[in-house]
Amino acid sequence: MPDIKVLVLIGSLRKASINRQLAELAAETAPDGVRLEVFDRLGELPFYNEDIDNDDVAEPVLALRQAAAGADAALVVTPEYNGSIPGVLKNAIDWLSRPFGNGALKDKPVAVVGAAHGRFGGVWAHDETRKSFGIAGPRVVEDLKLSVQTTAFDGEHPRENSEVAGQLRDIVGKLAAEVG
Ligand SMILES: Cc1cc2nc3c(=O)[nH]c(=O)nc-3n(C[C@H](O)[C@H](O)[C@H](O)COP(=O)(O)O)c2cc1C
């Protein structure tokens, strides 16, 4: 059976992003038969604008939509910015929500996880990402949740935290199991 492909979107563009590290960990520990692929070009997407969402759409948008079309599911790994979704991620959701009713992730399972500095670990951003993606077309798997306070990592790579590593592996496995 071919591998289940999971598109990974990271809500931080920072090189040393803890959420990027979490995404790396998810890829490293994914169960056999599940392949995670980070789409690393969210910073290249223009701001969503209906005037430029046409047959001649910008190449990074095309690349995002192609990556999404080729995926069976998606995993979002994001921090929280000012109590909400980082703009770079929201912009990607908007691009993926079109064509209206027929976006490239339509009906595919999506899980949202991440880490933030605040004591709730970014839960507002994670809840709002679920809400927004749920409206945008994919099928959000609501009970796959992980919101970690970054202090839990104590300056180390998240792979050093066996509890979080185990939770993440479990979520990726359950997300893959949602692929119909
Ligand atoms: C513009 C900005 C806004 C932020 N707002 C929040 C917030 O609302 N809640 C929170 O828990 N952390 C907030 N933080 C802190 C981030 O959670 C923290 O910097 C986190 O490590 C960023 O994720 P990254 O390491 O993946 O880049 C904010 C950081 C920035 C730069």
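A polar side-chain atom of Ser17 lies 2.6 Å from an oxygen atom of the ligand, a polar contact being a pair of N or O atoms within 3.5 Å. The model is predicted, so local features need pLDDT of at least 70 and side-chain atom pairs count only at pLDDT 80 or more, whereas totals for chains, interfaces and linings use all residues. Residues are numbered from 1 along each chain as its sequence is written, and side-chain values use heavy atoms, with hydrogens and water left out.

A polar backbone atom of Gly83 is 2.7 Å from a ligand oxygen atom, and one of Ile18 is 2.9 Å from a ligand oxygen atom. Taken alone, the ligand exposes 610 Å², of which the protein buries 70%; these areas come from the Shrake-Rupley method with a 1.4 Å probe. Around the ligand are 13 residues, the nearest being Ser12, Arg14, Ser17, Gly83 and Gly118; a residue counts as near if one of its heavy atoms lies within 4 Å. This shell has four nonpolar, seven polar and two charged residues. Here Ala, Val, Leu, Ile, Met, Phe, Trp, Tyr, Cys and Pro count as nonpolar, Asp, Glu, Lys and Arg as charged, and the others, Gly among them, as polar.

A pocket is an open set of points on a 1 Å grid over the protein atoms alone, where a 1.4 Å probe fits and protein lies on both sides within 12 Å along at least five of seven lines; lining residues have an atom within 4 Å of a point. The largest pocket holds about 160 Å³ of space, a volume being the space filled by probe spheres set on the points. It is lined by 14 residues, of which Ser97, Arg98, Phe100, Ile135 and Ala136 are closest to its centre. Two or more lining residues come from each of α3 (87-96) and α4 (123-136), helices being DSSP runs (H or I) of at least four residues and strands (E) of at least two.

The peptide bond from Arg98 to Pro99 is cis, with omega near 0 degrees. Pro99 is placed in the loop between α3 and β4 (109-116).

Definitions and conventions. A polar contact is a pair of N or O atoms within 3.5 Å; within protein, one must be able to donate a hydrogen and the other to accept it, and residues adjacent in sequence count only if both atoms are side-chain atoms.
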